[in-house]
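Dear colleague,

I am handing over the structure below, and I would be glad if you could look through it before reading my notes.

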Amino acid sequence: MMNEADIPIDIAAGKLLDWLISRRIVDKNWHLHIRNIRNKISNAITDMPAHDELLQLLSGAHINYFHCLRIVDILKTTEADSKNVFGRYGSQRMKDWQDIVKMYEKDNIYLAEAAQILVRNISYEIPGIRKQIKHLEQLSDEAEKKVEDLGRSEKVVLAEYHQMCKHLGVSGKNLRQELVDKVFNDLPGMLSKTASSVAPLKKTVELYATFVSDAECLPLLKHVLAKGNTTVYEFVYGEPPLAIEEPPVKFVAEQPDAADDGTIDFGDEGGAIDFGDGNALDLDAPVELEVGDIDWGAAPEEVDPVAAADENVIDFNISLEESGIVVEGDGNLGGVAKGEEAYTVLDAQQYRDRFINDLLELQSFLKMRLHQLGSADKAQMLSFTMMDNFAAHDEKSVAGMLAEVEVVYTGVTDELMQHLLQIKHSPVYVDILSSNVKQKLTSIEKMKETAKINQQKSVNFKQQSVELKPTQTKIIEQTKTLQGQIEKDISKRYKNRLVNLYGTNL
């Protein structure tokens with residue numbers, strides 16, 4: 001038969017206080033008396049001797065009964081000179097702490113308070129610190145992950161920026177100026193290249209014109225085929241202009257703020273009016289009036305009647321050169337191309353769109369023909385009257401024609417060319433385009449700044465978690481010590497049986 005002393009006492013740590021109350025070891029109203037004890041401890045702490053261990057005890061966790069016992073033992077050494085022959089101490093410090101111990105021991109209040117501290121530590125304090133450390137480590141990892149994600153995003157955006165610069169054919173060092181330079185240096189060559197690429201379409205255009213029986217079809221495409229990328233003037237009037245006055249392209253780099261002084265600026269710079277004849281009227285000069293006889297023309301002379309009769313006869317032998325009359329040819333030969341008529345047909349928006357429409361019309365025709373040639377229904381294919389016009393063309397040759405048309409279409413709708421044309425005809429577009437490209441760099445800078453902030457956050461969170469770990473270690477050690485003291489105290493009450501407080505998770 002097992003001896004009772006060998007049977008351990010297992011107590012759930014979370015239910016320790018309830019266990020003590022149920023066994024009447026402590027009173028259920030113990031907490032009503034604890035305030036007086038805490039007040040007395042607070043007063044006694046204010047007058048303590050200089051001692052290293054005392055300082056360590058008083059700077060530690062919540063002071064409980066077992067701390068008080070140790071303080072009394074230390075005071076027996078520091079206050080030894082106040083001990084009388086009866087073994088009593090005359091030191092007020094010793095009396096205060098001995099009274100505190102007695103108050104604790106009354107109705108085993110100390111054991112109830114120790115149980116409460118143990119339960120609070122294992123249920124709240126230690127889990128709370130562990131949770132806080134875990135949360136800080138998680139925040140640190142999340143911040144570090146954001147830094148990595150921002151780094152990847154930064155590389156992607158930077159690659160997009162370089163791709164955009166490459167597509168625009170600029171280095172990006174002075175984006176706006178580079179785009180402006182390309183308008184003057186590269187755009188004319190791009191338009192000429194597009195016009196040259198139309199040459200292989202000659203037979204295709206003739207074939208389409210024969211099919212539709214309309215010599216006036218695809219006017220813009222035919223014009224570029226015949227004469228190249230001429231001015232709009234030449235396309236409209238059928239003859240080249242004598243002079244071309246293309247509207248100037250003005251790019252304003254900076255808009256200076258006009259001084260507002262309350263006066264109206266007429267732009268005369270000194271009050272002189274220029275009438276365009278080289279003689280400027282100075283408004284500030286004094287007006288001088290010439291006074292003299294009025295000249296009404298030549299004085300009347302005596303007219304010879306015979307001579308007068310001769311003058312009434314018309315002389316038809318006078319040449320055009322002598323008469324000063326200039327006879328202009330038909331049409332606008334020798335005219336000046338101005339405004340939109342001064343642009344080339346591939347440069348002017350309206351005519352470029354018409355050129356593209358011609359290409360799309362020809363492209364659609366070839367696609368339809370290619371579909372018919374590839375159709376399995378030969379009877380349906382033969383029902384089209386266009387078959388006679390395509391007797392010499394098979395599916396392969398039509399596909400080749402279509403490919404040639406698509407080459408021209410790709411060239412005329414090239415994105416870079418569209419950008420440069422937009423810049424030329426709307427100078428403000430260069431600021432919009434450059435701003436869109438530079439937005440990538442702005443995004444990269446924001447990403448770098450955000451990554452820097454998150455990197456610092458990661459370091460801070462990591463540091464906070466590291467600083468909490470010694471606190472966690474300390475409170476766990478104190479809780480283990482308190483657990484051992486409680487187990488030892490309860491064991492004495494039950495004939496030194498083994499007491500096991502389980503569920504502490506320390």
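What follows is a short account of what was found.

This is a predicted model, in which local features need pLDDT of at least 70 and side-chain atom pairs count only at pLDDT 80 or more, while totals for chains, interfaces and linings use all residues. Residues are numbered from 1 along each chain as its sequence is written, and side-chain values use heavy atoms, with hydrogens and water left out.

The chain holds 18 helices and six strands (DSSP runs, H or I of at least four residues for helices and E of at least two for strands, numbered from the N terminus). Of its 506 residues, 33% are buried, where buried means under 20% relative accessible area, exposed over 50% and partly exposed in between, with a 1.4 Å probe and protein chains only.

Glu142 is found in helix H6, residues 109-168, and is partly exposed, with a relative accessible area of 37%. Although Glu142 and Ser458 are 316 residues apart along the chain, their C-alpha atoms are separated by 7.8 Å.

Arg352 lies in helix H14, residues 349-373. Arg352 is buried yet has no salt bridge, and Asp347, the nearest side chain of opposite charge, is 4.9 Å away; a salt bridge needs a side-chain nitrogen of Lys or Arg within 4 Å of a carboxyl oxygen of Asp or Glu, and Lys and Arg count as positive and Asp and Glu as negative, with His and the chain ends not counted. Beyond its neighbours within four places in sequence, Arg352 is in contact (heavy atoms within 4.5 Å) with residues including Val345, Val412 and Leu421.
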